[in-house]
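Please look through the sequence and the model below.

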Amino acid sequence: MEHVIEVRELAKSFGNKVALKSISFDVKKGETIGFLGPSGSGKTTTIKILTAQLHPTAGEASVFGEPLEKLKDPSYMRRIGILTDNSGLYERLTIFDNLALYCDLYGISKKSSDEVLEVVNLQHDKNTPVQKLSKGMKQRVTLARAIVHKPDLLFLDEPTSALDPVNTKHIHEGLKQLNREGTTIFLTTHDMHEAEEMCDRVAFLHNGEIKLFDTPQKLRTRYGSSSVTVTLKGDQVVTVPKDEQGAEEIYRYMKDGQLAAIHSNEPTLGDIFVQLTGRNL
Amino acid sequence: MMQFSIRRVNAIFRKDWKDLMKNSYIIFTLAFPLIFAAWIGRMGSEDPAFQTFPIHFALVIAGAFVQAAMVAEEKEKNTLRGLMLSPASTAEILVGKSALTAVSTLVVVIGSILLAEYKVPSPPLFILSILLGLVLFVTIGTILGLLSRTVMETTIVGMPVLVIFGMGSMFKAMTDNEMIIKAVDYLPSEQLNMIWMELDREMNISGTIDNILILLAWVVVSFVIAVFVYGKRRFD
């Protein structure tokens, strides 16, 4: 399958501080990739390098098959969308005027701004000046701006960090729709639920290194417990091994009508991260 | 090859226009040279050196300071980064960001000429000198805006530069040092003064050609610096 992003031994230092230590990964066309890690783990640095905002100290990377030096070209910028923590808006202008500027810069119809405002659930606020919006609403406007031109590749740095659950769900649905239409998504997040819901594969980033990179399901299976928890009627809880003997035990509980529930003891992505790095996200 | 699209330049211009209409700080700053010109006009002097002073003032305040504030605000609010990460090229962004300031400054310069009751001696050459001064001061404003982190900082970074570049001629009266006087002779403000005084006397290009070429050199150098500083800001 075609790779949209290819990264080989990419490193970045700021003076003595190492932000990225020789990371390598690929992103396939149409995938949604999540970079998970605490603040300072190198997530934003990776996005900045891949969007030509930072020069790497060492290593190579290509996006759409083009090396990093070519990414300054405006024709590359037409194919990507970016939402970062420092994406600014014109505060005195309305939401619509902010998006209209970008419609003109991308050479697309202003009708696209109405469509994208529905995705971020702001269709009724389009004539409101940005300075009157809450932090969460502003984040939704910057997200709308990042996707107004339906990019081939979308970089999202903590896209739902300031949002309430209702709007987070709404935006997740919009992003999934965009992904179904062919947009490859590269997102960073602290939110394990977001990673599990949105991402085909996730990378655990810690101290500038990729500790793991796989599908959420494979990671849970690999780091899962070798036992299951069985809850019996009367709220008695027993731990049963995942082997032949355990199967017989569970069969017996079922046969005797004692079984209330079985839990597979699969770890969450957060549990795996703690297990690997010794710290929380 | 660098792309250049009038549509994208126009988009940035229209955005700046809508923003300007809601920005009382910039509107007041643009009005300030007009108030000064009206005051000069009321004094009734017919000395061209005195009457052209509001034009210098308009170029410095409306051309450079307003441009510096507008560019610095884009940096302060992280919106310049958004433009840089859009399909707009360096040329489109720099021209787009300068277009509104250039138009506003021209309006303020024309207003200042009328209010100061200055009789323009040779309109074609005078317009040429104004256009060169306009491009130079807007470009200096762009550089100051790019070097400043905030709108407030443009005042600190910009004041000494703009005093030297905009009103450097005044230094000649304050010193006997030959080197300083010689250096001041090459400053843009002095070149503009020399052109306007020459036009007042002769009304032809022959006596002003050197001054026009020196101004042109200032324009080219400042433009190269602006593109370089912008390029530096493109990456962190």
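A residue is called buried when its relative accessible area is under 20%. By that rule, in this predicted model, B:Pro188, B:Ser189, B:Glu190, B:Gln191, B:Leu192 and B:Asn193 are among the buried residues of helix 10 of chain B. Further along helix 10, B:Ile195, B:Trp196, B:Met197, B:Glu198 and B:Leu199 are buried as well. That makes eleven of its 14 residues, and helix 10 of chain B is therefore mostly covered, with buried meaning under 20%. Helix 10 of chain B covers residues 188-201. From its first C-alpha to its last, helix 10 reaches 20 Å, close to the 20 Å expected at 1.5 Å a residue.

Now turn to where the two chains meet. Chain B gives 27 residues to the contact and chain A gives 28 residues. Between them the chains bury about 2600 Å², with 57% of this area on carbon and sulfur atoms.

Which kinds of polar link join chain B and chain A? There are four salt bridges between chain B and chain A, and 13 residue pairs are in polar contact across the interface. One of the salt bridges is formed by B:Arg14 with A:Asp104, where the closest N and O atoms lie 3.2 Å apart.

On the side of chain B that touches chain A, at least two residues each come from helix 1 (6-20), helix 4 (53-76) and helix 5 (79-84) of chain B. Helix 1 of chain B supplies the largest share of that side, eight residues. Sorted by class, the side of chain B that touches chain A holds 13 charged, seven polar and seven nonpolar residues.

Key: Residues numbered from 1 in each chain as written. Chains lettered and ligands numbered in written order. Predicted model: local features only at pLDDT ≥ 70, side-chain atom pairs only at ≥ 80, totals over all residues. Heavy atoms only, no water. Contact = heavy atoms within 4.5 Å. Buried area = accessible area lost by both parts, 1.4 Å probe. Salt bridge = Lys/Arg side-chain N within 4 Å of Asp/Glu carboxyl O. Polar contact = N/O pair within 3.5 Å; in protein donor to acceptor, adjacent residues only side chain to side chain. Helix = DSSP H or I, 4+ residues; strand = E, 2+ residues; numbered from the N terminus. Nonpolar A, V, L, I, M, F, W, Y, C, P; charged D, E, K, R; others polar. Expected span 1.5 Å × (residues − 1). Buried < 20%, exposed > 50% of the residue type's maximum accessible area, 1.4 Å probe, protein only.
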